[in-house]
Amino acid sequence: MTQAALAAGVLAGLVVDPAAAVAAAGPTALPAGQYTLTADYHKYDTVNAALVSTLGTAAVHTVMENANHDRTALPSSFSVPGLSTGFRFDSGDNSDCTNYPQGITTSRDAVGTANSGNYDGHQLVLVSWYTKDGCGGDQARSRITLVDWDATYPNQYRKVLLVEPTGTAAAPDFKDIPIHAGGVSWYGDYLYVADTGRGMRVFDMRKILKTNTGGTADQIGHQTGSTYYAHNYGYVLPQVGTVTSATTSGTNLAWSSISLDRVSKSIVMTEYTCQSGCTDYPNRAPRAIRYPFASGATTFAATTTASQALQLPWYNLNGVASHNGRWWFNSSGQKKLYYWTPTAGPSTFSWVGSGESLSYWEDDTEADLLWSLQEGAGSRNVFAVTQATYGGG
């Protein structure tokens, strides 16, 4: 998440047995009514319609039929209690110093356990990334990776660039989205990507656009005629809307990570903050907020009030998950996974370093899982553990 967190936790992969959970102070309730969202799912309709007309769309199954990277197995040296399964990206993506994986969600978030969790015929793990303009440079753009997670298909993945529509209906265009993409949630057809200082950006998985892979690596957007480049990416996913955060608490939220709770039909978020000494992040206690979707929908209402708000006693939080009244929080800086319910109270487990977002995986026939990943170059393990190992019951 941060350079300091990377320095402290990069490449860490081994953790100790979590059986001896350590007691700690738990979260406390905040006034949920102080936190609201304003949603606009049609902000870019006009330009997006023109882009679709010009470029054409590619369904998710088409994107996966053209997957061009091979995922690899987890290394034998990687060990974490409750480990169920996982993978690594190819050697180039595993060691790339300009791109960093952050958020994680799956097609089980999108559709639940129906049809074995398949979306458009594929069971998928989706990871969000941010890109720097050079090793150690500034954030320049963001992308997602769609990873096939089904024995029916090859062990492959495909990268899709995230873009923001620009221009007009007569001259449609798009540009890079230089955000941290620290969290991502997939619900129905919509993909929600955390935008640290604002809330979430919304994308529609039915509207992936086909682009020309020619040009140079620095070219983005319209060139001539119907030719559009996207840093040599063959597919782009244009933003369709925004979900903007507001609060009357006096302290704006930092949208560091998000996750879907299918039981309560909500998205939960948390903040990356420091106890002291940070210059790029707030030095204060973090919060976790729950926002419900509109009744019977995979979208938020035009205005949404939070249904739960918590003040947290933990810091350096890169990941959050909630399911059926239970909460998990991942701290990369502390190498801890915190578990909490209002009735059972908090527990603390040892966890991986360089850890990022969390995603809950529902399963009708096997144990439910928690998916997570590590961002450190050279040790980008994407893995799932049995949630019951970490207090889930």
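H231 sits in the loop between strand 15 (228–230) and strand 16 (235–247); helices (H or I, at least four residues) and strands (E, at least two) are DSSP runs, numbered from the N terminus. The model is predicted, so local features need pLDDT of at least 70 and side-chain atom pairs count only at pLDDT 80 or more, while totals for chains, interfaces and linings use all residues. Residues are numbered from 1 along each chain as its sequence is written, and side-chain values use heavy atoms, with hydrogens and water left out.

Although H231 is not a glycine, its phi is positive, at about 55 degrees. H231 counts as buried because its relative accessibility is 8%; buried means under 20% relative accessible area, exposed over 50%, and partly exposed in between (1.4 Å probe, protein chains only). N324 also has a positive phi, near 55 degrees, in a residue other than glycine. The place of N324 is the loop between strand 22 (317–323) and strand 23 (326–331). With a relative accessible area of 53%, N324 is exposed.

A pocket is found on a 1 Å grid over the protein atoms alone, as an open set of points where a 1.4 Å probe fits, with protein on both sides within 12 Å along at least five of seven lines; lining residues have an atom within 4 Å of a point. The space in the second largest pocket is about 280 Å³, a volume being the space filled by probe spheres set on the points, which are joined across faces, edges and corners. By class, the lining has 2 nonpolar, 9 polar and 4 charged residues. Here Ala, Val, Leu, Ile, Met, Phe, Trp, Tyr, Cys and Pro count as nonpolar, Asp, Glu, Lys and Arg as charged, and the others, Gly among them, as polar.

Another loop, between helix 5 (107–111) and strand 6 (124–132), holds D120. D120 counts as partly exposed because its relative accessibility is 35%. Beyond its neighbours within four places in sequence, D120 is in contact (heavy atoms within 4.5 Å) with A59, V60 and H61. A polar atom of the D120 side chain lies 3.2 Å from the backbone nitrogen of V60, and the backbone nitrogen of H61 lies 2.7 Å from a polar atom of that side chain.

The aromatic residues come next. The whole structure has 27 aromatic pairs, where rings of Phe, Tyr and Trp (its six-membered ring) pair if their centres lie within 6.5 Å; planes under 30 degrees apart count as stacked, over 60 as edge-to-face and the rest as tilted. F89 and W129 form an edge-to-face pair, 4.9 Å centre to centre with 65 degrees between the planes. This pair links distant parts of the chain, 40 residues apart: F89 is in the loop between strand 4 (83–88) and helix 4 (91–95), and W129 is in strand 6. Both residues, F89 and W129, are buried. F349 and Y390 form an edge-to-face pair at 5.5 Å centre to centre, with 80 degrees between the planes. F349 in strand 25 (residues 345–350) and Y390 in the segment after strand 28 (381–386) are 41 residues apart. F349 is buried, with a relative accessible area of 6%, and Y390 is buried at 0%. F89 and W129 also belong to one aromatic cluster with F87, W149, Y157, W361 and W371.

Conventions:
Polar contact = N/O pair within 3.5 Å; in protein donor to acceptor, adjacent residues only side chain to side chain.
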